[in-house]
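Here is a short briefing for a first look. Keep the sequence and the 3D view open while reading.

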There are 2 protein chains.
Amino acid sequence: MAPMPTQRPYHHGDLRATLLKSAEHTLRTRGAAALSLRELAREAGVSHAAPGRHFKDKQALLDALALAGYERLAQTLETADEPGLALEQRLAGLARAYIGFAVDNAALLELMFARKHDPDVSEQLAAAVDRSVGSFTRLIADAQERGEIVAGDPERITLVAAAGMHGLAAFIANGTFPVEEALAGLDEHVHLVLHGLRPR
Amino acid sequence: MAPMPTQRPYHHGDLRATLLKSAEHTLRTRGAAALSLRELAREAGVSHAAPGRHFKDKQALLDALALAGYERLAQTLETADEPGLALEQRLAGLARAYIGFAVDNAALLELMFARKHDPDVSEQLAAAVDRSVGSFTRLIADAQERGEIVAGDPERITLVAAAGMHGLAAFIANGTFPVEEALAGLDEHVHLVLHGLRPR
DNA sequence: ACCTGAACACCGTTCAAGT
DNA sequence: ACCTGAACACCGTTCAAGT
């Protein structure tokens, strides 16, 4: 006789992925403060000590979430980027994608930008950040070649562009600035970043 | 006979302020995750339930810390602002003050920008944010009057300037961008925000 | 290799009772 | 008005033991 399929086997089989999925859901619906390993274990129908086999501690799970977040963000930006567009439209597209991600994943973004990751994963994390910033870097480099962006250290120029987007995303994510207003004015924001605050 | 002065009286006398001071210290030295009401009570030499008289829950203490942080930030910016300077130097001064605050108070800034404050205090918090942003707003308004800043909604232009600074501060605070490099290139960053990324 | 169950040392919050 | 002490319902983490 085969064992009853309705009853959970002793080994879960895919606990790590299940925990991460469940954690993402909790993060989205109830915020990072509501994340508890014991609760995730309960939801997975597993003992409270089982998560310890897959994540050495709670921070390891948070790091894994952050890493997955960067992967998703990087892919979102890469998909959104249209290299054929004129500079301003291209940057606006990236900005819209980034702000959209920030709005849809506010709690995750906060976790991604928390400064308390294990040193072991911080290089993995740095690589993931680089991939996310990469879309901006490419845009700047392309435009610089065409003379559409000021000469100078491309890393610094990318930083200015990315900081402008990230600062806006942070203001939106924490409610300092209303979402709709920010989205409605995004093209103007991008225009001001490209053309500067001084009159021409 | 008077009671022994070496022994703590039943009433602490200034528990609320003591808890806040102790919390600020823990925040600075060990980060937000290490904050515990019970530990703060222990350090104050008081029972673990005593903090409950002064803060209805832990979030209330975090909110009080955030509020005090904004007060300090606002004052730092107001002190740093020199309205007599030329626009670019004036903005650079504000930027240096803000980034300096971010570097010296990374954990506090993270707490200040967390999006989970009680609705009761969120209007107080909004007022404190406005006061902090106020220095940037005044600078923009002054410069607009002199025609040194593009015409248009001053709130939006302030947002672009403040987002540029805050994004940089966030990158520094979480280690994405090294502190010294950011400080060394701050004048150039400000220049790029004012003059734009497009060639003139 | 993966999971359980018990144990340990913590939490935040509440509430009657003390001063 | 302010604080204590006990109680309650949670945590994260560890570790022998089970499958």
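In this predicted model, helices H3 and H4 of chain A run roughly antiparallel to each other. Their axes cross at roughly 150 degrees, and angles over 145 count as roughly antiparallel.

**Helix pair in chain A**
- H3(A) covers residues 58–80, and H4(A) covers residues 87–104.
- The two axes come within 9 Å.
- The crossing of H3(A) and H4(A) is right-handed.
- On the H3(A) side, the contact is made by A:Gly69, A:Arg72, A:Leu73, A:Thr76, A:Leu77 and A:Ala80.
- H4(A) contributes A:Gly93, A:Leu94, A:Ala97, A:Tyr98 and A:Phe101.
- By class, this contact has 7 nonpolar, 3 polar and 1 charged residues.

**Two chains**

**Aromatic pairs**
- Over all chains, the structure holds 4 aromatic pairs.
- One of them brings together A:Phe113 and B:Phe171, with ring centres 6.2 Å apart.
- Their planes stand at 40 degrees, so the pair is tilted.
- A:Phe113 sits in the loop between helices H5 (106–112) and H6 (119–145) of chain A.
- B:Phe171 belongs to helix H7 (residues 154–173) of chain B, so the pair joins two chains.

Key: Residues are numbered from 1 along each chain as its sequence is written. Chains are lettered from A and ligands numbered from 1 in the order in which they are written. This is a predicted model: local features need pLDDT of at least 70, side-chain atom pairs count only at pLDDT 80 or more; totals for chains, interfaces and linings use all residues. Side-chain values use heavy atoms; hydrogens and water are left out. Axes are lines fitted to C-alpha atoms, for helices over the stretch in contact, and angles run from 0 to 180 degrees between N-to-C directions. Helices (H or I, at least four residues) and strands (E, at least two) are DSSP runs, numbered from the N terminus. Angles under 35 degrees count as roughly parallel, over 145 as roughly antiparallel, 65 to 115 as roughly perpendicular and the rest as oblique. A crossing is left-handed if the near helix is turned anticlockwise from the far one by less than a right angle, and right-handed if clockwise. Contact means heavy atoms within 4.5 Å. Ala, Val, Leu, Ile, Met, Phe, Trp, Tyr, Cys and Pro count as nonpolar, Asp, Glu, Lys and Arg as charged, and the others, Gly among them, as polar. Rings of Phe, Tyr and Trp (its six-membered ring) pair if their centres lie within 6.5 Å; planes under 30 degrees apart count as stacked, over 60 as edge-to-face and the rest as tilted.
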